[in-house]
Amino acid sequence: MSERPYFVKRPYDTLRYYARTRPQYFWPLALSLTTIPAIIALTSFRRKYIYADHKPIPLSYPLPNRERVQLTGFDDEE
């Protein structure tokens, strides 16, 4: 049987090594892996405790729900 690789046996040491020797690869990867779960968790936290989502902006002017009155007396009748 083969022995497990070092990065599987000691993942913390491996992550520490790459954080010190190759930070230009480690930190962007670490930030990108934690951003998506943080956005999902913080959005639900914000909706529940801080403030709710805004009402959608109306896309048209609301028409009144009544009978239309025919206009007269404006000299546009032939």
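Read along the sequence, the protein chain runs α-α-α. That makes three helices and zero strands. Both kinds of element are DSSP runs, numbered from the N terminus: a helix is H or I with at least four residues, a strand is E with at least two. The model is predicted, so local features need pLDDT of at least 70 and side-chain atom pairs count only at pLDDT 80 or more, while totals for chains, interfaces and linings use all residues. Residues are numbered from 1 along each chain as its sequence is written, and side-chain values use heavy atoms, with hydrogens and water left out.

Start with the overall form. The C-alpha atoms fill a box of roughly 100 × 30 × 30 Å, taken along the principal axes. Glu67 and Pro11 are 56 residues apart in sequence. In space they are 74 Å apart, C-alpha to C-alpha. Glu67 lies in the segment after α3.

Of the 78 residues, 6% count as buried. Buried means under 20% relative accessible area, exposed means over 50%, and partly exposed lies in between (1.4 Å probe, protein chains only). Glu67 has 70% relative accessibility, so Glu67 counts as exposed. The protein chain exposes about 8,400 Å². Carbon and sulfur atoms supply 62% of that area. Accessible areas come from the Shrake-Rupley method with a 1.4 Å probe; for residues, only the protein chains shown count as cover.

Where do the buried residues of α2 pack? They pack against α1 (6-9) and α3 (23-50). Helix α2 covers residues 11-21, and Asp13, Thr14 and Ala19 are buried there.

Next come the charges. The protein chain has 12 positive and 8 negative charges, and their mean positions are 34 Å apart. Lys and Arg count as positive, Asp and Glu as negative; His and the chain ends are not counted. Each charge is placed at NZ of Lys, CZ of Arg, CG of Asp or CD of Glu.

The structure holds four salt bridges. A salt bridge is a side-chain nitrogen of Lys or Arg within 4 Å of a carboxyl oxygen of Asp or Glu. One of them joins the side chains of Lys9 and Glu3, at 2.6 Å from N to O. Lys9 is partly exposed at 36% relative accessibility, and Glu3 is exposed at 63%. Another links Arg10 to Asp13, with the closest N and O atoms 2.5 Å apart. Arg10 is partly exposed at 45%. Asp13 has a relative accessible area of 19%, so Asp13 is buried.

Finish at Arg46, in helix α3. Is Arg46 buried or exposed? Its relative accessibility is 18%, so Arg46 counts as buried. Leaving aside neighbours within four places in sequence, Arg46 is in contact with Tyr51, Ala52 and Asp53. Contact means heavy atoms within 4.5 Å. The side chains of Asp53 and Arg46 also meet in a salt bridge, 3.0 Å from N to O. Asp53 is partly exposed at 44%. Salt bridges that share partners join Arg46, Arg47 and Asp53 into one network.
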